[in-house]
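Morning, everyone. Please have a look at the structure on the screen, and I will walk you through it.

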Amino acid sequence: MPLFRTPAIESGQVARLDRRRFLALGGALAATGLLAACGDSDKGKGSGKNGSGKAASGPWTFTDDRGKKISLPKRPERIVAQSHPAAALWDFGIQPVGLFGPQKTADGRTSPQIGNVDLSKTTSVGTAFGEFQMEKLISLKPDLIVTIAYGPMVWYIPEEVYKKVQEVAPIAVIQLMGVAVPDAVKRFGELAAALGADPESAEVKKAKADFEKAAAGVTAAAKAKKGLSVAVVSGTKENFFVADPAFHGDVKYFQQLGLDIVKPKKPEAGFETLSWEEAGRYKADLVLEDARPEGGLTHRQLGAYPTWKGSPAVKAGQVSDWQTETPFTYQRFTKVLNDLAATVGKARTDVV
Amino acid sequence: MAILCFVLSSSQNRSAASPVRPPETVPRRTCVHLVAVPVCLIVLGLLCLCSIALGTKSIAPERVLELLWSPDSSEESGIVHQMRVPRTEFGLVVGAALGMAGALMQGLTRNPLADPGLLGVSAGASLGVVLTTGLLGITAPQGYVWFAFAGALAAIALVYALGSAGKGGATPAKLALAGAAVTALLQSLVNAVLLFDAAALGDFRFWVVGSLTGQPAEVLVDVLPFIAVGAVLAAATAPALNSLALGEGVATALGRNVGLVRLRGAAAATLLAGGAVALCGPIAFVGLVIPQLARLLTGPDHRWIMLYSALLGPSLLLAADIAGRLIARPDELHVGIVVTVIGAPFFIALVRRRRLREL
């Protein structure tokens with residue numbers, strides 16, 4: 001049923017559907033040792049800085065997180081980006097002319113995934129996974145196309161279309177698998193700087209300060225609630241998923257801030273997949289549940305499953321949102337951290 | 001389980017290949033049924049118990065039995081009563097409905113490869129589901145189950161109207177052609193909705209594979225009366241299918257109103273298949289394989305085929321569901337996938353083993 005698959009990815013089941021595509025690639029990935037390179041977020045960073053020509057004229061180079069060196073006769077001006085990096089670049093002051101990936105929710109509002117991007121100033125070249133309206137893309141005359149990756153999986157540019165898209169403009173990829181939020185933001189900042197933004201602008205500095213304050217708030221809350229265990233989960237009709245902190249940059253960051261995140265024993269591409277009967281396998285004091293409106297089940301729907309309803313955290317009323325759609329930017333992620341600090345601050349540690 | 005019945009009643013397989021005979025003249029076969037029917041019932045009962053006792057979560061059998069009679073507030077009790085018992089009930093009802101609907105369709109169209117989807121039931125129900133989840137935004141199963149049902153009814157009505165137009169009324173060939181055309185039309189509409197509205201997909205994707213766990217137990221109670229009426233109608237139609245099997249001319253000469261039999265049969269198949277599809281999605285192969293298997297056991301008498309289909313259908317569905325829970329631990333496989341994986345090679349073997357009996 002390939003027909004059903006592509007839009008399904010768009011419908012918010014991104015991470016889970018990808019899991020399947022991802023698994024196909026997983027073996028190759030492990031074999032080539034790419035995994036190690038991905039986990040190491042420091043790798044390849046310097047090259048971005050080195051390559052960033054401060055002047056708008058003259059040749060421009062940037063080495064992306066796959067180690068691919070992009071050389072252009074001058075600094076790219078016209079950027080087409082996937083929603084997540086678009087939101088990240090936007091908050092650094094780089095405004096893409098074109099977007100691909102989720103931009104609006106099913107009911108027509110601006111998607112949380114697009115962050116602060118002003119959709120009236122950008123052109124959509126496609127929203128579904130792998131969807132590229134080539135004529136539109138070409139008419140935008142992009143100098144550079146930017147997306148993210150989870151492991152070997154180049155986000156929203158699957159192999160089938162990669163070659164075609166690459167012919168229009170070079171593709172720069174920022175790795176997000178296993179990259180904690182601040183590292184990812186820093187890396188987006190390097191790309192933005194290479195594109196001519198000022199990562200030390202007053203605005204960015206203030207956002208960063210707010211972000212760091214919020215992070216300190218989480219650390220303080222976590223310290224005050226020693227022994228609080230936190231599980232990060234998602235549910236569909238088919239399955240119950242427990243998120244792997246080593247994969248998701250946000251969950252990894254929560255862990256770095258001192259939260260005791262429940263680690264699933266056998267995660268595959270970001271999640272351990274469980275049947276609903278087994279949904280009670282990992283117990284925690286606090287559960288963060290996937291807040292995406294599409295694809296997953298709502299809190300109310302989850303209530304139909306005895307293994308959810310009967311789990312200690314749910315019984316104790318300690319369930320909060322996992323804001324999976326928030327792009328990794330200082331401006332957008334600060335709220336996630338503040339909310340988390342408040343949730344942790346209120347939580348009881350004696351549930352399990 | 002079916003194999004067991006098959007072995008037990010293998011003595012009468014030889015006669016299945018012999019020309020059509022009125023069953024009254026074969027007392028030996030009745031004796032076989034006296035054994036085979038209880039055996040099928042026992043197998044089905046055992047499968048029900050297995051379905052309640054086995055799952056991705058291991059619960060000791062004695063604990064399951066204890067919980068079955070005296071539920072408590074434990075997680076295990078919740079799993080048994082709110083997950084395993086309902087899915088077993090769904091398996092029983094949907095399996096029987098699909099088996100009987102398949103037997104009806106094969107008898108009515110005299111086409112051994114007919115299945116409940118032939119008259120556009122699955123495609124109609126699919127369209128009903130995507131329209132409600134996509135355009136109306138109803139994602140609660142209680143909401144879309146009726147639209148799935150309505151879609152199935154509308155599709156089959158359209159097929160019947162198209163198929164009965166023109167000379168000769170609703171002949172099997174015309175019905176099958178109309179069914180194929182309407183299915184293609186509906187399927188393209190489904191695809192169009194899915195293409196424009198990705199949000200419609202989440203639920204549809206789950207539903208279309210076929211699962212016993214997609215609906216809350218209350219929905220089963222709501223849909224059950226329709227399936228029950230369909231089952232009664234199907235049982236009442238079965239004797240007439242025997243005359244129909246002799247050819248339209250002979251059936252008419254025997255005093256059957258062929259048009260009426262077809263209409264009644266189609267109504268029964270719609271209620272059965274429409275209800276089953278609305279509840280658990282278009283589970284393939286049960287409606288195709290089970291009547292074939294029943295025919296192997298019983299010979300050409302549609303009354304027995306109907307009974308065995310009603311017994312073997314849920315057996316296959318439950319066995320597949322249990323297998324799906326056990327092979328992918330701690331994950332689960334959808335029953336729709338398991339049935340197809342089991343059903344396809346089995347069906348090929350069946351077709352190769354003996355020339356399909358012409359109906």
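Let me start with a term: two strands pair if DSSP finds at least two bridges between them. Helices (H or I, at least four residues) and strands (E, at least two) are DSSP runs, numbered from the N terminus. Now the ground rules. This is a predicted model, where local features need pLDDT of at least 70, side-chain atom pairs count only at pLDDT 80 or more, and totals for chains, interfaces and linings use all residues. Residues are numbered from 1 along each chain as its sequence is written, chains are lettered from A and ligands numbered from 1 in the order in which they are written, and side-chain values use heavy atoms, with hydrogens and water left out.

First, chain A as a whole. Chain A has 14 helices and 14 strands. Of its 352 residues, 57% are buried. Buried means under 20% relative accessible area, exposed means over 50%, and partly exposed is in between (1.4 Å probe, protein chains only). Contacts come next, meaning heavy atoms within 4.5 Å. Take those in chain A between residues at least 6 apart in sequence: 72% join residues at least 24 apart.

Now strand 13 of chain A, residues 286–290. Why do we call strand 13 largely enclosed by the rest of the structure? Because 5 of its 5 residues are buried. What does strand 13 pair with? Strand 9, residues 229–235, pairs with strand 13 in the parallel sense, over 4 bridges. Ala231(A) stands opposite Val287(A) there. Strand 14, residues 319–322, also pairs with strand 13 in the parallel sense, over 4 bridges. Asp290(A) has Trp322(A), in strand 14, as its bridge partner.

Next, a hairpin in chain A. Strand 1, residues 60–63, and strand 2 run antiparallel and are joined by 4 bridges. Thr61(A) stands opposite Ser71(A) in strand 2. Between the strands of this hairpin there are 5 residues, and Gly67(A) takes a positive phi near 85 degrees. In a regular strand the side chains alternate between the two faces of the sheet. Which residues form the covered face of strand 2, residues 69–72? Ile70(A) and Leu72(A) do, while Lys69(A) and Ser71(A) form the uncovered one.

On to charges. Side chains of opposite charge can pair when their charged atoms come close. A salt bridge is a side-chain nitrogen of Lys or Arg within 4 Å of a carboxyl oxygen of Asp or Glu. How many turn up over all chains? The search finds 19.

Here is one in chain A. Lys335(A) and Asp339(A) meet at 2.8 Å, N to O. Both lie in helix 14, residues 330–346, and they sit 4 residues apart, about one turn of the helix. Lys335(A) is exposed at 56% relative accessible area, whereas Asp339(A) is partly exposed at 33%.

Now chain B. Asp321(B) forms a salt bridge with Arg325(B), the closest N and O atoms being 3.0 Å apart. Are these two residues buried or exposed? Both are buried. Finally, Arg63(B) and Asp72(B) meet in a salt bridge at 3.6 Å, N to O. They belong to a network of salt bridges that also links Glu66(B) and Glu76(B).
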